[in-house]
Amino acid sequence: MKINDTLFLNELCKHYNFNINNYIGYKVISKGHINTTYTLYFDYKNHVKRYLLQEINTNVFANPKKLMDNISGVCDHLKQKAKKNKKNILRIYKTKSKKNYITLSDGSIYRVYH
């Protein structure tokens with residue numbers, strides 16, 4: 001499994017503002033049928049932060065850029081509505097270069113949500 005691979009984690013952390021030294025583990029989310037999904041855990045000064053990591057299934061979603069642009073638009077729209085209703089919504093966690101997703105050196109594509 002890639003998630004256990006130190007090289008994979010280092011490459012992931014290189015793209016996001018994650019500190020590999022604070023990584024404490026993951027949990028597989030097995031309820032989905034299309035994408036491979038994990039919860040990542042990082043310990044920052046005794047406060048554990050969770051992130052949802054998904055590998056986008058490019059057999060189903062052949063154009064990940066278009067998919068993520070669409071999801072980003074929906075999230076932005078819901079964010080505006082949520083402000084009025086004071087509700088929390090799913091938020092895309094952007095890369096260091098402000099992208100909605102990453103393509104790793106092996107060609108796999110991932111997105112992260114808060």
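Trainee: Does Asn-100 count as buried or exposed?

Mentor: The model is predicted: local features need pLDDT of at least 70, side-chain atom pairs count only at pLDDT 80 or more, and totals for chains, interfaces and linings use all residues. Residues are numbered from 1 along each chain as its sequence is written, and side-chain values use heavy atoms, with hydrogens and water left out. Buried means under 20% relative accessible area, exposed over 50% and partly exposed in between (1.4 Å probe, protein chains only). Because its relative accessibility is 9%, Asn-100 counts as buried.

Trainee: With which side chain does the side chain of Asn-100 make a polar contact?

Mentor: Asn-100 lies in the loop between helix H2 (64-85) and strand S4; helices (H or I, at least four residues) and strands (E, at least two) are DSSP runs numbered from the N terminus. At 3.2 Å, the partner side chain is that of Lys-94.

Trainee: Which strands stand at the edges of the sheet?

Mentor: The 5 strands form an open, antiparallel sheet in the order S1-S2-S3-S5-S4, where pairing requires at least two DSSP bridges between two strands. Each edge strand has a single partner, so one side of it is left without a neighbour in the sheet; these strands are S1 and S4.

Trainee: What is the bridge partner of Gly-25 in S2?

Mentor: S1 and S2 form a hairpin with 6 residues between them. The two strands run antiparallel and are joined by 6 bridges. The partner of Gly-25 in S2 is Tyr-41.

Trainee: Which residue caps the N-terminal end of H1?

Mentor: In H1 (residues 6-15), the buried residues are Phe-8, Leu-9, Glu-11, Leu-12 and Cys-13, and they pack against strands including S2 (36-44) and S3 (47-55). At the N-terminal end of H1, a side-chain oxygen lies 3.1 Å from the backbone nitrogen of Leu-7, and it belongs to the capping residue, Asp-5.

Definitions and conventions
Contact = heavy atoms within 4.5 Å. Polar contact = N/O pair within 3.5 Å; in protein donor to acceptor, adjacent residues only side chain to side chain.
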